[in-house]
Amino acid sequence: MKVLVSDPLSEQGLTKLNEHFTVDVLTGLSEEELVEKIPDYEALVIRSGTQVTRKVIEAADKMKIIGRAGVGVDNIDVEAATEKGIIVVNAPEGNMLSAAEHTVAMMLALSRNIPQANSSLKSKKWERKKFMGVEVNGKTLGVIGLGRIGAEVAKRAQGLEMDILAYDPFISEERAKELGVKLMSVQEIAKEADFITVHTPLTKETRNIIDKEEFDMMKDNARIINCARGGIINEEALAEALKNGKIAGAAVDVFVNEPPFDSPLLECENLIATPHLGASTQEAQINVAVSVADEVISVLRGGSAKNALNIPSVKPEIMTMLAPYIQLAETMSSACAQLMGKNYESIEISYHGEIAEKDTRPMTVAALKGMLQVALGSGVNYVNAPSVAKSRKVEVIESKSETSEEYASTIGIKITKGNESESIMGAVIGDAGKIISINGEHVDIVPSGFIVVAKHINKPNVIGPCCIVLGKNNINISGMQVGRVEVGETTIMALNVDSEVSEPILKEMRSVEGIIDAKLISL
Ligand SMILES: NC(=O)C1=CN([C@@H]2O[C@H](COP(=O)(O)OP(=O)(O)OC[C@H]3O[C@@H](n4cnc5c(N)ncnc54)[C@H](O)[C@@H]3O)[C@@H](O)[C@H]2O)C=CC1
Ligand SMILES: O=C(O)C(=O)COP(=O)(O)O
């Protein structure tokens, strides 16, 4: 298998990849060049220098995984990758300390004019008065985005005896309290902070989160830092605020366009800048490269990814517990879709008992995959199953109840079209899943291999002739279950058989008096 590495990657990551795959390192490719080359590769490893556009992804016919050796994935069209069934992973922790340290370095360099003073002295000037700075001690730092890096910055700033305010709508008061920070709105921070630093991802919501309106609210001696992503702070508004002295200074590591040679920011004397160096330390680069290489190796060998962004990621210990339920949800859902035998409008996945208290996302995704693969084959996987269901307008209903009769946990799948539906319930015993009911009729079958499900009237001389049809066609029956109802009522029989049952044989079974329908499920 072939891996394309299209940005500089540390040697340690490359060595790992080289042990398993043919690795091509081709940096600085244009979109056209990437589109031309990408069909040959099963994996793509990038940093911030490669734009993985929809056009690139659409050409990536063999691609299984895109690995971002770093955090930000704003340069990857994750939606397009998801639709194409490509796993996107990043390395969320490997460079967080480096990015946090760079932010603190930028804040201190900004407060003491170190870069400007350094240049001045090197041009043989001794300008002590010009570069009078400010202390950070006792000042207020506003952190926009209190995730991994934001929190590390907050901790370090507390060490410098700064007071921390933060804005992050996804952070609880409890977490804020634990970090010793006060949660506030962006506008309140703009008014109160002496220093502001942004640490959100670049998204629709965070683009221009600091704009002219916020700069207008800031103190005249405010200083702002962006070591997250270009565009979180509006570059034009920042350049204007710097030029007209609305704020005292800015430190910027990241730009809307990189390299930012046309950016108005580079003309501002009170701006200090670095060329996207937040993650550029030996330690961070080894961490992220090794992490992404491990993910690529695991995924290309058929394993799972720890840091997948477009597939539910679950801690390994929980995954071990969920594995039989995931398998069961997938096979039951496939069985149910095969019973349905045609288009459907909705799928209901119900979780009962202990399993309802767990993270059920992996089972739901597996159920969607199982159902959709019946019609769509291997083009559907764990990554794109939810988006395929959405694009086919299949309603997905998840329900949970804490109680489960008979078993500690059960899962139900119901696939519906109009007023027709098929439903299957299953449970896990030990590590093995089993089907415990089909359309409400109690059965006890192992969900694997071939199963003939025959709807019939409970009366004499129906089951026997059905079995004779199979027997005379040399099909061995290895298991048999019949739903228990009163004589004369409709029920089902489920027959585990050792080989495939062709349509003509099923037709013959359907012609037995008392048989309403007979279908084959292949699992
Ligand atoms: N300069 C550099 O070289 C580096 C830059 N980065 C950038 O830093 C960003 C943050 O990285 P991490 O802290 O590791 O990510 P993270 O995912 O741990 O934290 C991001 C935080 O932003 C918050 N957030 C999301 N939307 C928000 C919104 N609308 N308003 C306020 N907060 C919001 C989230 O709740 C989360 O707490 C990355 O996305 C990346 O763009 C990361 C590493 C190096
Ligand atoms: O990890 C991130 O989000 C970064 O911005 C680091 O970028 P880089 O890998 O150094 O191009």
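The shell around ligand 1 divides into 17 nonpolar, twelve polar and five charged residues. In this count Ala, Val, Leu, Ile, Met, Phe, Trp, Tyr, Cys and Pro are nonpolar, Asp, Glu, Lys and Arg are charged, and the others, Gly among them, are polar. A residue is near a molecule if its C-beta atom, placed from the backbone, lies within 6 Å of it. Of the 34 residues around ligand 1, Gly72, Gly147, Ile149, Pro201 and Gly278 come nearest. Helix H5 (96-111) and helix H7 (148-159) each supply at least two residues of this shell, and H7 gives the most, with three. Helices (H or I, at least four residues) and strands (E, at least two) are DSSP runs, numbered from the N terminus.

The model is predicted: local features need pLDDT of at least 70, side-chain atom pairs count only at pLDDT 80 or more, and totals for chains, interfaces and linings use all residues. Residues are numbered from 1 along each chain as its sequence is written, while chains are lettered from A and ligands numbered from 1 in the order in which they are written.

Around ligand 2 the shell divides into three nonpolar, eight polar and one charged residue. Its members are Arg47, Ser48, Gly49, Ala69, Gly70, Val71, Gly72, Asn95, His276, Gly278, Ala279 and Ser280. Gly72 and Gly278 are named both here and among the residues that come nearest to ligand 1.

Next comes the sheet. Seven strands form an open sheet in the order E8-E7-E6-E9-E10-E11-E12, with parallel pairing. Strand E8 (182-183) and strand E12 (271-273) stand at the edges with a single partner strand each, so one side of each is left without a neighbour in the sheet. Two strands pair if DSSP finds at least two bridges between them. Strands of a sheet pair through backbone hydrogen bonds, either parallel or antiparallel.

The pairings can be followed along the sheet. E6 and strand E7 (residues 163-167) run parallel and are joined by five bridges, with Ala166 in E7 as the bridge partner of Val143. Four of the five residues of E6 are buried, where buried means that 20 or more other C-beta atoms lie within 10 Å of the residue's own, exposed that 12 or fewer do, and partly exposed that the count is in between, with C-beta atoms placed from the backbone.

Strand E9 (residues 195-198) pairs with E10 in the parallel sense over four bridges, and Val198 has Asn226 in E10 as its bridge partner. In a regular strand the side chains alternate between the two faces of the sheet. From strand E10 (residues 223-226), Arg223 and Ile225 point one way, Ile224 and Asn226 the other way, and all are buried.

Strand E11 (residues 249-252) is joined to E12 by three bridges, and the two run parallel. Val252 stands opposite Ala273 in E12. The loop between E11 and E12 holds Pro259, which a cis peptide bond joins to Glu258, with omega about -5 degrees.

Most residues other than glycine have a negative phi, and most peptide bonds are trans. Two lysines have a positive phi. Lys124, in the loop between helix H6 (114-122) and strand E6 (140-144), has phi near 65 degrees. With 6 C-beta neighbours inside 10 Å, Lys124 counts as exposed. Lys393, in the loop between helix H15 (385-391) and strand E14 (395-401), has phi near 60 degrees. Lys393 is exposed as well, with 8 other C-beta atoms within 10 Å.

Helix H6 also contains Gln116, which is partly exposed, with 19 other C-beta atoms within 10 Å. The C-alpha atoms of Gln116 and Leu271 are separated by 9.2 Å, although these residues are 155 residues apart along the chain.

As a whole, the protein chain has 17 helices and 22 strands, and 43% of its 523 residues count as buried. Its C-alpha atoms fill a box of roughly 105 × 45 × 35 Å along the principal axes. The UniProt record (unreviewed entry) places the feature "domain: ACT" at residues 451-523. Over residues 451-523 the chain is 25% helix and 40% strand, and the end C-alpha atoms are 8 Å apart.

Notes:
UniProt positions renumbered as here; feature names shortened; annotations may be inferred.
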